[in-house]
Amino acid sequence: LVQKQVDSITSIEWRRQLRYYVLRDGGTDGVDDLVVVQVNACLDYMYEFLGTASCLVVTPLTERCWMTVTQAVHSRFGTLAS
């Protein structure tokens, strides 16, 4: 992000990053929510086991795949990983 001189949270280079936020809502259950945000998708984090991320090689292709997955889940299309 520094090399690409991203200086705004509205920049597509920032928005396409997979980000985690804690929503301190002070709801009746007293538990804060954790959400995953990427582009326009905001998904509740459900504490699923996602495998060993240390084996994943991050390339421009895998970044585009994760962006596609988050957008599909956000649009309620679902995904199938094999």
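## A walk through the fold and its contacts

The protein chain has two helices and three strands, where helices (H or I, at least four residues) and strands (E, at least two) are DSSP runs numbered from the N terminus. Read from the N terminus on, the elements go α-β-β-β-α. Keep in mind that this is a predicted model, so local features need pLDDT of at least 70 and side-chain atom pairs count only at pLDDT 80 or more, while totals for chains, interfaces and linings use all residues. Residues are numbered from 1 along each chain as its sequence is written, and side-chain values use heavy atoms, with hydrogens and water left out.

Let's start with the overall numbers. The accessible surface of the protein chain comes to about 6,900 Å², and 59% of that belongs to carbon and sulfur atoms. These areas come from the Shrake-Rupley method with a 1.4 Å probe, and for residues only the protein chains shown count as cover. Of the 82 residues, 13% count as buried. Here buried means under 20% relative accessible area, exposed means over 50%, and partly exposed is in between (1.4 Å probe, protein chains only). As for contacts (heavy atoms within 4.5 Å), take those in the protein chain between residues at least 6 apart in sequence: 28% of them join residues at least 24 apart.

Now to the charged side chains. How many salt bridges does the structure hold? There are four, each being a side-chain nitrogen of Lys or Arg within 4 Å of a carboxyl oxygen of Asp or Glu. One of them joins E13 and K4 at 3.2 Å, N to O, and K4 is exposed because its relative accessibility is 54%. Another brings together R16 and E63, at 3.8 Å, N to O. That pair links distant parts of the chain: R16 is in the loop between helix 1 (12-15) and strand 1, E63 is in helix 2, and the two are 47 residues apart. With relative accessibilities of 24% for R16 and 38% for E63, each partner counts as partly exposed.

Next, the rings. The structure holds one aromatic pair. Y20 and Y45 make it up, in an edge-to-face arrangement with 5.9 Å centre to centre and 85° between the planes. For reference, rings of Phe, Tyr and Trp (its six-membered ring) pair if their centres lie within 6.5 Å; planes under 30 degrees apart count as stacked, over 60 as edge-to-face and the rest as tilted. Y20 lies in strand 1 (residues 19-23) and Y45 in the loop between strand 3 and helix 2, so the pair ties together parts that are 25 residues apart in sequence. Y20 is partly exposed at 45% relative accessibility, and Y45 is partly exposed at 21%.

On the surface, L56, V58 and W66 form a nonpolar patch with about 300 Å² of accessible area together. Patches are made of residues with over 30% relative accessible area and no salt bridge, joining like charges within 9 Å and nonpolar side chains (Val, Leu, Ile, Met, Phe, Trp, Tyr) within 5 Å. V58 is found in the loop between strand 3 (41-44) and helix 2 (60-74), and V58 counts as exposed because its relative accessible area is 58%.

H74 is in helix 2 and is partly exposed at 33% relative accessibility. Leaving out residues up to four places away in sequence, H74 touches N40, A41, C42 and L43. With A41, the C-alpha to C-alpha distance is 5.4 Å, although H74 and A41 are 33 residues apart in sequence.

What about disulfides, meaning pairs of cysteine sulfur atoms within 2.5 Å? A search of the whole structure finds zero. C42 counts as partly exposed at 45% relative accessibility, and C65 as partly exposed at 41%.

Finally, some backbone angles. Q5, in the segment before helix 1, is not a glycine, yet its phi is positive, near 55°. Q5 is exposed, with a relative accessible area of 66%. V39 is not a glycine either and has a positive phi of about 50°; V39 is placed in the loop between strand 2 (33-38) and strand 3.

Definitions and conventions. A disulfide is a pair of cysteine sulfur atoms within 2.5 Å.
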